[in-house]
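Please have your viewer ready.

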Amino acid sequence: IKQTKQQHRLMADAVKASIASGFEWRALSDAVGQLTRSVGNADSRVRAAEQHAESERMRCERLQDQVQSIKGNIRVFARVRRLPHTSFVFDGSCSYPEEDSLSITDADAPGGGKAAGRKSFTFDRVFKQDATQQHVYRDVRPLVLSALEGYNACILAYGQTGSGKTHTMQGPESDPGVTLRTLRDLFQQ
């Protein structure tokens with residue numbers, strides 16, 4: 001009981017000292033009220049920002065759908081492989097008149113002249129020999145995003161043996177291909 005009375009006396013002295021020193025309880029109450037109002041205003045701004053972000057996400061989805069319908073559902077890309085360092089010899093040339101076309105000239109074509117041995121092809125996109133895995137994936141990535149939004153998507157690598165299908169789709173560990181980059185994107189989304 002003595003200890004309790006002593007603690008009570010010490011607390012009473014502390015309250016008297018704070019009153020004597022001019023501590024203003026009303027100012028503290030006003031500051032707490034002002035902070036409460038400030039937090040309420042911040043909460044309403046956060047809610048407004050979240051609503052704006054959601055409307056922008058929906059707008060982005062609509063634009064992506066429009067791009068998808070304009071481009072069509074099927075796209076054909078071509079990737080020209082670098083010639084291997086073997087005894088393979090190609091007596092012709094490969095040129096890229098535009099971003100979406102490829103011309104191959106065979107110097108040994110029958111019929112004489114370069115025009116007889118020239119064949120031109122048009123694709124949605126042509127990746128030159130110096131295109132990196134990153135360049136290829138940058139153009140394939142919209143299909144990945146479409147798949148995340150619930151659309152069907154398929155990426156097919158087609159070509160003869162040794163044309164670079166596995167390199168494009170899987171790639172080496174140091175420079176992953178489309179498959180690993182797609183999985184990375186899917187798990188990050």
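**A core and the helix behind it**

The largest nonpolar core consists of 8 residues: F127, A131, V136, Y137, V140, V144, M169 and V178. Such a core is a set of buried Ala, Val, Leu, Ile, Met, Phe, Trp, Tyr and Cys residues joined through side-chain atoms within 4.5 Å, where buried means under 20% relative accessible area, exposed over 50% and partly exposed in between (1.4 Å probe, protein chains only). Helix α4 (residues 133-148) contributes the most here, with 4 residues. In soluble globular proteins, nonpolar side chains tend to be buried together.

A word on the ground rules: this is a predicted model, in which local features need pLDDT of at least 70 and side-chain atom pairs count only at pLDDT 80 or more, while totals for chains, interfaces and linings use all residues. Residues are numbered from 1 along each chain as its sequence is written, and side-chain values use heavy atoms, with hydrogens and water left out.

Stay with α4 for a moment. Its buried residues are Q133, V136, Y137, V140, L143, V144 and S146. An α-helix has 3.6 residues a turn, so residues three or four places apart point the same way. Just after α4, G150 has a positive phi of about 105°.

Now turn to F127, a core member that counts as buried because its relative accessibility is 3%. The structure holds 1 aromatic pair. F77 and F127 form this pair, edge-to-face, at 5.8 Å centre to centre with 80° between the planes. (Rings of Phe, Tyr and Trp, the latter by its six-membered ring, pair if their centres lie within 6.5 Å; planes under 30 degrees apart are stacked, over 60 edge-to-face and the rest tilted.) The pair links distant parts of the chain, with F77 in strand β1 (residues 77-79) and F127 in strand β5 (residues 125-127), 50 residues apart. F77 counts as partly exposed because its relative accessibility is 30%.

Stepping back, the chain has 6 helices and 5 strands, taken as DSSP runs numbered from the N terminus (helices H or I, at least four residues; strands E, at least two).
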